Amino acid sequence: MKHNNRRLKERLLEVLSISIVAILFIYTNEMMDNNLSIGIFTIILGVAGFLVYLKEWITKRFIKGTIFTVFLLIIMAFLLGDIWFYRYYSTPITSYMWMQKSNLNGLGESILSMVEVKDAVFLLVGVPIAESFAKKIYPLKAMALVPAVLFLMIAGLKPVKNIFIDQVDITRRYEANTFLRSWGPIGHHVLDTYAFFVDSGKNEMSPEEKRTVSNYFDKKNKQDSTYSGSLAGKNVIIIQVESLQAFPLFQKSSGQEVTPFMNKLAKDGLFFPHVYPQTVFGNSSDGELIVNSGLYPLKQGATFFRFPYNDFPSLAKELKKIDYQSYAFHGDEENFWNRQHAYPALGFDDYISIEDMQQDEIISMGLSDRSFFKQGYDYLKNKQNPYYAFFVTLTSHVPFSLPADQITLKPEVGKEGSYLTKYYEALHYTDSAIEEFVKNLKGNGKLKDSVIVIYGDHDGLFVKDKHEVEGYYGIKISDEEWIEKYMPIPVIIYQEDIQGRTIDKVAGQVDILPTLYDLLGIQSSSFFGETMLNGEEGEALILKGDYGAQMKINGKGRVEEFLPEDQKEVDMSDQVIRSDYFNQTID
C-alpha cells in the first residue's frame, strides 16, 4: 500500500509539472494577444509531454532531476521574457533581436515596468515542482511518449498541408506576428530561427534589378513648391524626440500646456500633425535611418545592426557637397543601436555620445535632455556655418519616470499617478530642454541662420495603452479613431523667416527627407516618399507599427490594404538596403 501511495504521488507530481508547463505556454500565448487554436494547443501539450519523455531516458536520479529542473526553469524564464518583450514592443522577440543585445544596457527600468505580479506566480509554483524532479524517479517514458508522438503528428499536419497541397512557403512573413498568429510562441521561435539563417546576408542584384531601381529614382516627381529652395544655405538642426506623438501638443494639464514651446514653434513654423511613424524592429534607430536616408527600414531586424556599413544616401552626404559639416548627438552609449558604425555610414563627420560629454545629470537610460542640449549647444556655438546637427533625445523614454525635482507640470486632480500624466510630464520636461537650447541659439545670433526640425521617432503610447487615454479623458476611442487621431507623430519645421502654417496632409516619416530637400534646394531623388509641400493628397505605408501588420493610411486618415504597387515600393527599399545598392555600379 505504501509503495502504491508513493507511485500515485509521483504520478500526480508528474501530471502537475506537465500542467504547469502547459499552462505557462497557454498564458504566454494569451498575453501575446494570440487566440488558441487546435494546432497551437497540440504543440503546447506535445512539448510538455516531450520534455518528460526525454527526461526518462536519463537513468541517474540526480542528473535526471538537475537537467530537468534547469531545463524547465529556462523554458519558464524564456516564455516570461517573451511576454515582457511583447508588452513593450507589441511584437514577439526574433532572432535578429539577439544581435541587438547591447541595447539592453540601461533598459532595466523599462523592462521592469513590463513585469506584472501574476508573472511571478509561474516561477514561484514552478520552482518547487522542478525541484521535486531532483529527488524522484518517475518511470513515465511510455506515458509521456503518447503526447510527444501526437505533437509530432498533428503539429506536422499543417505545414505538410501548406507545403505540399496549398504550396505555400510557411517561412514567408512580413513581420514577426505572422508566425505568432499561425504557430503560437513555440512555433514562432522555430520558424523564425529557420528564417533567420535563410534570410541572413546581403543579396546581389541583377543588372535588370539595378536598372529598375535606378529608373524608379529617376522618375520621381521633382515638382517645385512655393517653398522650394527657401532655406538653402541655412544651418540644419534636426531634433528626434523620443516617444513624441502629435496628440500631446496643444493639450493642457491643470491649465498648463504640456508642450508650450513646441506649440509655439508649430504655430510660427510649418506644422504637420498627421505624419505616421514607419519604424519597424529598429525603433528609434529606424526613425534616424528613415529621416536621414529616405529609405524604409528593413522588414526584419534593425538596419543599423544588420547593415551598418552600407553606402546609404543621406542628407549629411548631400550637404557635404556644399561644404556643410555634420554632427550627430545622443545622450546614451555610442554603441546603443550600433550608432558608432551606422552614423559614419550616414555621412556624419562626428558623433558625440555620452562618453564624450560630462555625465552631470543622469535620468533613466542616460544623460538628461537638459544637460544633453546644454552640452550640445556648447559644442556647436563656435562651429562655422553652415552645419547640420542631428540630436536624438532620451529622457521621454518609457516608462516616463522623472525624478520628483524635475517634474514641473501640474497634474490634473485625481490623475497624479496615471500613465498619461507621466507621459505628459516627460514630454513637458523635454519641451523645456529644447526651449533652453533654441533660446541659446537665438542669444548668440545663430537662430536666424538655422532651420529647426522637430519630429517624433515613434509612438510613446500604443493601441494597447488606449485605455489609459480613455480613462484620463473619460471618453471611448475606437481603433479607427486611435489610428487617425492618436497614432500620428508631429513634424515641425521652424525658421524665423517662414510664415506659420499648419499642413494637414497625411504623410509618413519617409516624406520628411524629400520635404527638407525641397526646402534646401537639394536636387537628389535617391529616396522614397515625396515632399509634403507639393499640395497633393498624401498617404502613409505602415510597415508594422504597434498593430502587428502592415497597412496603408489614405489621405483621409483611413486604413486601407496595401496595393501591389505599395508592396513593390517597400520591397524595393528592402532590396536596396540588403544589396547595398548605392555601393554598386549599374552595368
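Which residues of α19 are buried? They are I512, L513, P514, T515, L516, Y517, D518, L519 and L520. Helix α19 (residues 512-520) is mostly covered, with nine of its nine residues buried. Buried means under 20% relative accessible area, exposed over 50%, and partly exposed in between (1.4 Å probe, protein chains only). Helices (H or I, at least four residues) and strands (E, at least two) are DSSP runs, numbered from the N terminus. Just after α19, G521 takes a positive phi of about 75 degrees.

This is a predicted model, in which local features need pLDDT of at least 70 and side-chain atom pairs count only at pLDDT 80 or more, while totals for chains, interfaces and linings use all residues. Residues are numbered from 1 along each chain as its sequence is written, and side-chain values use heavy atoms, with hydrogens and water left out.

**Salt bridges**

The structure holds 20 salt bridges. A salt bridge is a side-chain nitrogen of Lys or Arg within 4 Å of a carboxyl oxygen of Asp or Glu. Three of them are listed here.

| Pair | N to O distance |
|---|---|
| D268 and K264 | 3.1 Å |
| R558 and E484 | 2.7 Å |
| K552 and E539 | 3.9 Å |

D268 and K264 are four residues apart in helix α10 (residues 260-268), so about one helical turn separates them. D268 is partly exposed at 31% relative accessibility, and K264 is partly exposed at 45%.

The side chains of R558 and E484 also meet in a salt bridge. This pair links distant parts of the chain, 74 residues apart: R558 is in the loop between β15 (551-553) and β16 (559-560), and E484 is in helix α18. R558 is partly exposed at 45% relative accessibility, as is E484 at 26%.

In the salt bridge between K552 and E539, K552 lies in strand β15 and E539 in the loop between α19 and β14 (540-542), so the pair ties together parts that are 13 residues apart in sequence. Salt bridges that share partners join E539, K552, E560 and D566 into one network. K552 is buried, with a relative accessible area of 4%, whereas E539 is partly exposed at 38%.

**Two further buried residues**

W482 is found in helix α18 (residues 479-486) and is buried, with a relative accessible area of 0%. Its C-alpha atom is separated by 7.6 Å from that of K466, 16 residues apart along the chain.

S285 is found in helix α11 (residues 284-293) and is buried at 0% relative accessibility. A polar atom of the S285 side chain lies 2.7 Å from the backbone oxygen of G282.

Terms used
A polar contact is a pair of N or O atoms within 3.5 Å; within protein, one must be able to donate a hydrogen and the other to accept it, and residues adjacent in sequence count only if both atoms are side-chain atoms.
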